[in-house]
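Subject: Structure handover

Hi there,

Here is the structure I promised to pass on to you. Have a look at it first, and then read on for my notes.

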Amino acid sequence: MTPEFEKNNYMVIEKAIDPKIAEFVMNYFMMKRQVARTMFDERFISPSTTEWGVWNDSQMPETYSHYADIAMETLLIDVQPKMEKETGLDLIPTYAYARIYKNGDVLERHKDRFSCEISTTMNLGGDPWPIYIEPNPKKGKGGPNGYESEYTDGVEVVLKPGDMLVYKGNLCEHWRDKFDGTDCAQVFLHYNDAKTKGSKKNMFDGRPHLGLPWNWRENPVSPIVTDEQGNEIGVEEFNDSVDEVKTTGDIKVQDNFLEESQFQAIRDYVLDYDKQPIFNWFMSDVVRPQQNIGYTQWAHIVYGYGMVQSDFWNQIDGSGGLIEKLDPYTIVRIKLNLLTKHTEISESGMHIDVPYAPDVALTSILYMNTNNGYTKFETGEKVESVANRLVTFPNNMMHTGTTCTDEQYRCVMNIDYIKNQRTA
Ligand SMILES: [Fe+2]
Ligand SMILES: [Fe+2]
């Protein structure tokens, strides 16, 4: 490490890239934002797609942000030799993250995660907006490492297009005050110091190569949780703000999963003919009438083949509460099943919902009505059908549903998905 970077913990590299290239990349990224917005709004792409960028990153919701845009990750490699020369370090590239800040944005004081050990923020263009850095790792607002809780003014840095601030992202607090301009495009290029323990294993942020979305990271099933300063404080547990959470091994049961009014609205849409007379059910492959076994299974696909397939989506998305609460990174399939009443409780057959889904995928079942049917698992465990109960288990776990004998039907909503992992 150069003595200067060692001592100061930050440095500014002017014209790390040619300002003309910065302008080109900015224009590219502004166009990508516009294209993404149109495609999301027109539902040309799935609402849980992240490959076109997102407006739901936890640090800056509502602001266009993008993990591993390919042009940005190309910059990550392009700038690496210059970075190594200026910092005197051998670097391991981890990932690039880009954002177009908008009017009113505030970047709270925070430190970054391990992959941002050697962090940079490069200005691509737009309105100037100072960033502040506290070079003393012991000073700042507070965090998990027990450093002093003290507000400091930090050092103000104003970057021109192509300039970049290099800093020890997981040591030094950095922040920005309220933005009064219109747009400010920044790309964060992150590296590890090759000498740091664990850095080689962390190459490309744990992905097989650059350019891939975050869910190619190793072990992406444990979502990273950060405190309000953005410090990593552990992995996410399932939302416990429900009445009761019972956990048996990999199977999690949550009662009263949705707020009562939300659940009622969802159930009525599917099952109350007076409130919603048109709701299509399709004969299911699993139990067809011609099998002549005394009951049938009907299905309604809400989400599948990478797209929303039914207007029912609008009931479960947004204020409907279900999608928000499940917090999927990506949805594989959402399907409602309705099994008609039978003279006995029949198990339909052990299966995996989506055999081609990655190992990190989860299956959740929301029970739409209370009845004496159940879900049975390969482990022998049974979960009873109770309205507004959610059971969650690994997608690759064998299970079966059943009929019921005490109600006209047993209705469930199956959600196959990968849970979100907050990344910034
Ligand atoms: Fe940061
Ligand atoms: Fe299933």
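Some housekeeping before the rest. This is a predicted model, in which local features need pLDDT of at least 70 and side-chain atom pairs count only at pLDDT 80 or more, while totals for chains, interfaces and linings use all residues. Residues are numbered from 1 along each chain as its sequence is written, and chains are lettered from A and ligands numbered from 1 in the order in which they are written.

**Overall picture**

The chain has six helices and 24 strands; these are DSSP runs numbered from the N terminus, helices being H or I with at least four residues and strands E with at least two. Of its 424 residues, 39% are buried. A residue is buried if 20 or more other C-beta atoms lie within 10 Å of its own, exposed if 12 or fewer, and partly exposed in between, with C-beta atoms placed from the backbone. Among the contacts with a separation of 6 or more, 76% are between residues 24 or more positions apart; a contact means C-beta atoms, placed from the backbone, within 7 Å.

One open sheet has six strands in the order E1-E8-E5-E10-E3-E2, and the pairing is antiparallel; two strands pair if DSSP finds at least two bridges between them. The edges are E1 (10-13) and E2 (64-67), each with a single partner strand, so one side of each has no neighbour in the sheet. On average, neighbouring strands here are turned by 15° against each other, direction ignored. Within the sheet, E5 (residues 118-126) and E10 (residues 183-193) run antiparallel and are joined by eight bridges, with Ser119 opposite His190 in E10.

H2 (residues 19-41) lies across E2, E3 (91-102), E5 and E10, at about 80° to E5. H3 (residues 70-87) packs on the sheet as well, touching E1, E3, E5, E8 (164-167) and E10, and its direction makes about 120° with that of E3. Axes for these angles are lines fitted to C-alpha atoms, for helices over the stretch in contact, and angles run from 0 to 180 degrees between N-to-C directions.

Which residues of H2 are buried? They are Ala22, Val25, Met26, Phe29, Arg33 and Ala36, and they pack against E2, H3, E3, E5 and E10.

The largest nonpolar core has 45 residues, of which Leu75, Ala96, Leu124, Leu165, Val166, Val187 and Leu189 touch the most other members. Such a core is a set of buried Ala, Val, Leu, Ile, Met, Phe, Trp, Tyr and Cys residues joined through C-beta atoms within 7 Å. E3 gives the most to this core, with eight residues. Leaving out residues up to four places away in sequence, Leu165 touches Tyr10, Val12, Thr120, Thr121, Ile131, Ile133, Val157 and Leu159. Another core, of 38 residues, lies apart from the largest one and includes Phe257, Ile331, Ile334 and Met413.

**Strand E18**

E18 (residues 328-340) is mostly covered, with 10 of its 13 residues buried. E18 pairs in the antiparallel sense with E16 (residues 297-304) over six bridges, where Ala299 has Asn337 as its bridge partner. E18 also pairs with E24 (residues 409-419), again antiparallel, over 11 bridges, and Pro328 stands opposite Lys419 in E24.

**Loops worth a look**

Most residues other than glycine have a negative phi. Asn9, in the loop between H1 (3-8) and E1, has a positive phi near 70°. Asn256 also has a positive phi, of about 50°, and sits in the loop between E14 (251-255) and H4 (260-271). Asn9 is partly exposed, with 17 other C-beta atoms within 10 Å, and Asn256 is partly exposed with 16. Arg43, which follows H2, has a positive phi near 60°.

Finally, Pro47 is in the loop between H2 and E2. Pro47 and Asp317 are 270 residues apart in sequence, yet their C-alpha atoms are 9.9 Å apart in space.

Best wishes

Terms used
Two residues are in contact if their C-beta atoms, placed from the backbone, lie within 7 Å.
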